[in-house]
Amino acid sequence: MTSSHGRGPLHLAAAVDQRAVYDAGSYTESVRLAERGGLDFVTLDDGFARPGPDALAVLSRVAPATRRIGLVPTVTTTHTEPFHVQAAVATLDWVSRGRAGWRIDVSAGEGEARLFGRRHAAPVAALWQEAGEVADVAAKLWDSREDDAGVRDVATGRFVDRDKLHQVDFHGSTFSVRGPSIVPRPPQGHPVRVVDATDGQARRTAARYADVVFVRAVSHAQLAAVRAELRDSASAFGRDPDHLRVLASLVVDLGDGEHAAEPGHGGGGPRQTARGPLYRGGPVDLAELITSWYTDGTVDGFHLRPAEPRRDLERLVNGTVALLQHRGLFRTFYPGSTLREHLGLARPANQYAVTPVTGAVTGAVTGSVTGAVTGGAS
Amino acid sequence: MTVRKRMHLAAIPHSRIEFSSFEQLARTAERGLFDFFLLTGRAEGLWPLENKGRIDDVDVAGRPEPITVLNALAAVTERLGLAATVDATFNEPYELARRLATLDHLSGGRAAWNVVTSSDASIGENFRRGGYLDGTERYPRAAEFVATVRELWDSWTPEGVSRPFAHRGRHFDIAGEFGVPRSPQGHPVVIQAGDSEAGREFAASTADVVLTRQKRLEAGRACYADVKRRLRKYGRSPDDLKIMPGVTVVLGDTAAEARERAAEIRRQQVSPQNALLMLGRIWGVDLSSYDPDGPLPEIDPVPDSSITQGRTRRGDTVAIAEKWRALSKEKGLSIRQTVIEASGRQSFIGTPEAVAAEIDDFVQRDAADGFVLVPHLTPGGLDEFVDRVVPLLQERGAFRTEYRGATLRSHLGLSGPPGRDEDMTADASDAREQYQQ
């Protein structure tokens, strides 16, 4: 099971972050470009103590202008309301027809805490534990209205089948949520949860709740070690480790595309910089690096962050991705329509439903068992 | 064509979830040159009402989170204002100011915020803050919330320079730098719904639009005059606040047909089951075992029962129950018939010509600045209004024939953001501060 050579298709994602850009047009253009390359998803980072628009809003704005690509905004869990966060992510899934993801992150700084004035900065380990609880309660709230709960029957005046609504009665270390959610169960059941597990303190939460994990590392050995740790940990939480997608997250600078990679790059791998692992070189050598790390089973794919947003995304799609497609290593069209389908992840069964949905994988995401139902269906 | 006072129009879509249905309705509203599209989504109005710990199923099919839907609608519309109903009780100023400013940027200046407050204890159980605020605390917190949000919106200069902010008040103590530059409208449009004394004062102090309950002409004129009169205290002119009653419209080719359609809609809205639920909420007890086609209960209503606790009360429930009993007795009505009768008729019923004339009259005689069309069960209701009534209003010179500007402020004829302290007289500034205490 730990042998992973060629086990699943290659997954590719790109960041569409742009410094101090607030108009919709340039984001739409970037995401469309990534979609032309058939990428699994784009990410847009977010945080409160820095300039930038609300990431989930931006990707909602982009959703109607795109058709297949997954949309993964960062939404933090430290100063936000879990109930509102899950509702917004579920709604992104509705407006994108099943393409939403959510990159879970924490706000560790005192500066962010002062913007809210409710609590002081807390240790990162505690924040990641809380983030795990938010991820957990979000899945419960997504399940709190069963898929066919929204019955509209004018004759009887019934709009909801009350046996298909469930309180979640969640009591976490810093918050409680009663439920149910206001938003009907999202098209994907559970939008895809993404965690950057480079920081060891995020790793338990990633192993337990994430569908996709980013790891920023420069070497094959580092990545392989973190991936093995994540898979073991996921197993310990009762999850099938094959439901976890581990992506190497790299900054890519393809500015000098005519030349070969700098020494120490290309097939040799990226190098550590203040911005994280950086690959600098040509699109072709990047394709070599991706091929090498993917085919030897080091990672399931890559999350690539353009150093120069417009230029490098274009070179990535038209150079690197085109080459990978030509070699038959990456999809040339989207066979599925949801982000879960791109990632090869089944739509999770509802933890509150009495009869699991046929063909769905029970416990694929949360590892929850139906016995955990409180106030559930009789 | 004489120059008339022109009305403003807005629409609330049906409660749905599929994005395509929102898209279609928003496009219809834009085709009709409406000022804005208002999404409700407050926890309160859609919460599964509970009865003895069970979740009741009255019109709670669930709905999406409004700001997220409006951002998506910004991609498929060009001029229509996009208004989100968001609770000021269970949110925080920094995050909400940021989300609304982002919507304003992404829509090119079309964002609006309908400020509501929650009084429902069961909603508080979903949030970090928890609990609930009673009536005396809710408006002061909401007022400070809106003032704080405006401080954040003003923290960037129009030239794009960020200035640090610090707000220390009774409810919020925050400081730092706001992450979003000044948005196209400066401040997104602020809408306030409410007819209460506190609601009117709140609207006069800070809102751009106030949503009221529809009344008959004379009562509407009195309400209009009362709200406009309050503006002076805050250094604002009558044009700074638009008064828009929520209305339902039923059209027919003849007056008789319109009346018949209206009656049919009321019958559909009050199913036997809903009749028992609504009655149970007045009586304060579970009446689900009663026959909806039978007489009203003999038992007396229970004031302040667990069923009504912490909810927005519909006045004194005991008095309402007495009124309903009298109505039932006088006309010999069953439970369901009584609820249908008591729940009121639609605001405007008639031919397109009659409705256009009547709503124009409301505006010309200063009972309203415009209307928010509230949906009912008729499918295609908005299309019908846009196709049949809007052209008649335009012919009368009572409604725009094209969008002149790009922003919602421009559609509404509002000047720059209201209530920036440097623009206000000292008296007005004092009045507002006093109000926030």
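**Exercise 1. How many cavities of 30 Å³ or more are there, and which residues lie closest to the centre of the second largest cavity?**

Solution. Start with the count: there are eight cavities of 30 Å³ or more. Here a cavity is a set of points, on a 1 Å grid over the protein atoms alone, where a 1.4 Å probe fits but cannot get out, and lining residues have an atom within 4 Å of a point. A volume is the space filled by probe spheres set on the points, which are joined across faces, edges and corners.

A word on the setting: this is a predicted model, in which local features need pLDDT of at least 70 and side-chain atom pairs count only at pLDDT 80 or more, while totals for chains, interfaces and linings use all residues. Residues are numbered from 1 along each chain as its sequence is written, chains are lettered from A in the order in which they are written, and side-chain values use heavy atoms, without hydrogens and water.

Next, take the second largest cavity, with a volume of about 200 Å³. It is lined by 16 residues, and A:Asp54, A:Val75, A:Thr80, B:Glu95 and B:Arg99 are the closest to its centre.

**Exercise 2. How do the rings of A:Phe41 and A:Phe214 pair, and what are the distance and angle?**

Solution. First recall the rule: rings of Phe, Tyr and Trp (its six-membered ring) pair if their centres lie within 6.5 Å; planes under 30 degrees apart count as stacked, over 60 as edge-to-face and the rest as tilted. For these two rings the centres are 6.3 Å apart and the planes stand at 15°, so the pair is stacked.

Now place the residues. A:Phe41 belongs to strand S2 (residues 41-44) and A:Phe214 to strand S8 (residues 212-215), both of chain A, and 173 residues separate them. Strands (E, at least two residues) and helices (H or I, at least four) are DSSP runs, numbered from the N terminus.

Finally, check burial, where buried means under 20% relative accessible area, exposed over 50% and partly exposed in between (1.4 Å probe, protein chains only). A:Phe41 is buried at 1%, and A:Phe214 is buried at 0%.

**Exercise 3. Which helices hold A:Phe116 and B:Tyr94?**

Solution. Begin with the geometry: this aromatic pair is tilted, with 5.9 Å centre to centre and 55° between the planes. A:Phe116 sits in helix H4 (residues 110-116) of chain A and B:Tyr94 in helix H4 of chain B, so the pair joins two chains. A:Phe116 is buried at 3% relative accessible area, and B:Tyr94 is buried at 0%. To finish, ring pairs link A:Phe116 and B:Tyr94 into a cluster with A:Phe48, B:Phe165 and B:Phe178.

Conventions:
On a 1 Å grid over the protein atoms alone, a cavity is a set of points where a 1.4 Å probe fits but cannot get out, and a pocket is an open set with protein on both sides within 12 Å along at least five of seven lines; lining residues have an atom within 4 Å of a point.
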